[in-house]
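Trainee: I would like to go through this structure with you. Could we begin with a term I shall need?

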Amino acid sequence: MNTKADSDYDVAVVGLGPVGCLGALLFAAAGLRVVAFEKEQDVYTLPRAVNLDGEIIRALQPLQLANAVAAMMQPIRPGERAGFANSKREWLFGGSAKPLGSNGWQPTNMFDQPELETFLRTQVQQNENVTSYIGYDVSGFEQQADQVTLHASEAHIAISVAASYLVACDGANSPIRKALGIHWKDLGYDQDWLVVDVVMQTPHTLSNEVLQICDPERIHTYVATKDPFRRWEFQLNPGETAEHMLQQQTIQTLLDSWVSRDTYTIRRAAVYQFHAAVAESWRHERVFLAGDAAHQTPPFLGQGMNSGMRDVINLAWKLPLVIEGACSTSLLNTYQEERNGHAHDLVSWAVDMGHLMAHLAAKEAAVRIGAPSPIGQKSSQASGYGQGREQPPIRSGAVLQEQLSNDGLTGYLLSQPVVKTSDGEALRLDYLLGSGFALMSHKTPSLNASSKKIIDDLGIRVVTTAALTPLEGKFPEMLAGHQALLVRPDKVVFGHTTESTPVDLLLSQLKAAIALNPVKADSRKSEAI
């Protein structure tokens, strides 16, 4: 076997599923030298994830890929909604789909993973800042004081590559996580489910919904995925085996009450054990876990892949600041602080939904026999869709700690309205905020010399809203009150001014929170709009 060594890189990404691809593209867009490894020569041709949040499409805007990805999504169809139903499929409660969410895009988007993943991998392979090794299996790695050395091979070729940091996007069975000895923290949901994806062949009467069917005979889920595809998930009952459930006759019998056998073909059928778990540690020195390598969730919220993409979005602004010396390495400690809590909230919410389905099924069963309704702590409708719950905020880390409350601003993603500029151009707000930090206020704030230096060191874009008119969506109300808010590159609100926190103090608190090193910080030219 021939062995060769390659040049050093800033970041190595292992695994080019959707999460790894997005990470590689974001790191490259930040100017980092990226090396990426994927052991499979071809994109997996069968569906897995089916829902993409508008938040993720928003993150693709700086890459000029948002419109292309949005075009792959399923537009809202008549009657589209998501919620809970009884055994007769009678609607219990839930929410309806929205054409525009707070992120400036349709909030829930059905898609076909092979199509999206092929597109993203192509973008990675064509990116001049990314060196891709497709078909190469990473067999090992070592961490040194200033780098990580990876060893990979393909056929009769072996290579060794050094990078400053390694981001492991290598799946739920992550060899990298296992090599580091990092264990799972179990969140208490392990159930076997049959997942069936079909291709609809002729006109049909299936609804355009996501339904959690709380049937005492068998809890199951129906998902109107991207046309012409549909998905069902059936929980295995006690005593049932994967072999039995995967038999064609079993699958057809389960679908018979939904759809005629001559209207579909089976695209995929598999039995999975749905897990709820997060990694005990998301970082070991220069190695970071992301995506399924860091967290596993039941699919009821459609947040598995989306949560993984949030992981790399979080790293994509922190790693460049540390690698270029602008910030201390202590900034990287905030990765687990921020992402672990956020992912934990979503996994717990999905678990609550699973318990809610079981509770509603048990309640219906009790009604059938005239027994008292079961009592369960996790039976609240707040566990379901559209019950007033939003995406959880950042609860610690590089945000203004004293403002972390329920004000719906600090620690949350800034809403992205479509605005009209003074010259009449209509565009989404992030195109004005840029891809770095931004300071927003109704009018240009008065700053002291120290604040001006922070703005220059970080290239903070100062954006005034007085000349901007929201066309769709709205600005936070506080901007109308002539206050200011500070936005991170990932569009999470760091904090805002108050009577006790003037703008100069706000900026100095940012400097401390991200461990800004003014000696090494680049003098990025700030820009006022």
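This is a predicted model: local features need pLDDT of at least 70, side-chain atom pairs count only at pLDDT 80 or more; totals for chains, interfaces and linings use all residues.

Trainee: Where does V492 lie?

Mentor: V492 is in the loop between strand 25 and strand 26.

Trainee: Is V492 buried or exposed, then?

Mentor: V492 counts as buried, because its relative accessibility is 7% and the cut-off for buried is under 20%.

Trainee: Which residues is V492 in contact with, leaving aside its neighbours within four places in sequence?

Mentor: The contacts are I394, V399, G411, Y412, L413, L486 and V487.

Trainee: How many bridges join strand 22 to strand 25?

Mentor: Four bridges join them, and the two strands run antiparallel; strand 22 is made of residues 438-441. S441 has A484 of strand 25 as its bridge partner, while L439 stands opposite L486.

Trainee: So what is the strand order in the open sheet of four strands?

Mentor: The order is 23-22-25-26, and the pairing is mixed. Strand 23 (461-464) and strand 26 stand at the edges with a single partner strand each, so one side of each has no neighbour in the sheet. From one strand to the next, the twist averages 20 degrees.

Trainee: And what does helix 13 lie across?

Mentor: Helix 13, residues 503-513, lies across strand 22, strand 25 and strand 26, and it runs at about 145 degrees to strand 26.

Trainee: New topic: what is the order in the open sheet of three strands?

Mentor: That sheet has the order 21-20-24 with antiparallel pairing. Its edges are strand 21 (426-428) and strand 24 (469-472); each has a single partner strand, so one side of each is left without a neighbour in the sheet. Neighbouring strands here are turned by 40 degrees against each other on average, direction ignored. Strand 20, residues 418-420, is joined to strand 21 by three bridges, and A426 in strand 21 is the bridge partner of K420.

Trainee: Last one, on helices. At what angle do helix 1 and helix 4 pack?

Mentor: Helix 1 (residues 18-29) and helix 4 (residues 113-126) pack at about 30 degrees, with their axes 9 Å apart. The two helices are therefore roughly parallel to each other, and helix 1 passes helix 4 in a left-handed crossing.

Trainee: Which residues meet there?

Mentor: From helix 1, P18, C21, A24 and L25 meet Q113, E117, L120, R121, Q123 and V124 of helix 4. By class, this contact has six nonpolar, two polar and two charged residues.

Notes:
Residues are numbered from 1 along each chain as its sequence is written. Side-chain values use heavy atoms; hydrogens and water are left out. Two strands pair if DSSP finds at least two bridges between them. Axes are lines fitted to C-alpha atoms, for helices over the stretch in contact, and angles run from 0 to 180 degrees between N-to-C directions. Angles under 35 degrees count as roughly parallel, over 145 as roughly antiparallel, 65 to 115 as roughly perpendicular and the rest as oblique. A crossing is left-handed if the near helix is turned anticlockwise from the far one by less than a right angle, and right-handed if clockwise. Contact means heavy atoms within 4.5 Å. Ala, Val, Leu, Ile, Met, Phe, Trp, Tyr, Cys and Pro count as nonpolar, Asp, Glu, Lys and Arg as charged, and the others, Gly among them, as polar. Buried means under 20% relative accessible area, exposed over 50%, partly exposed in between (1.4 Å probe, protein chains only).
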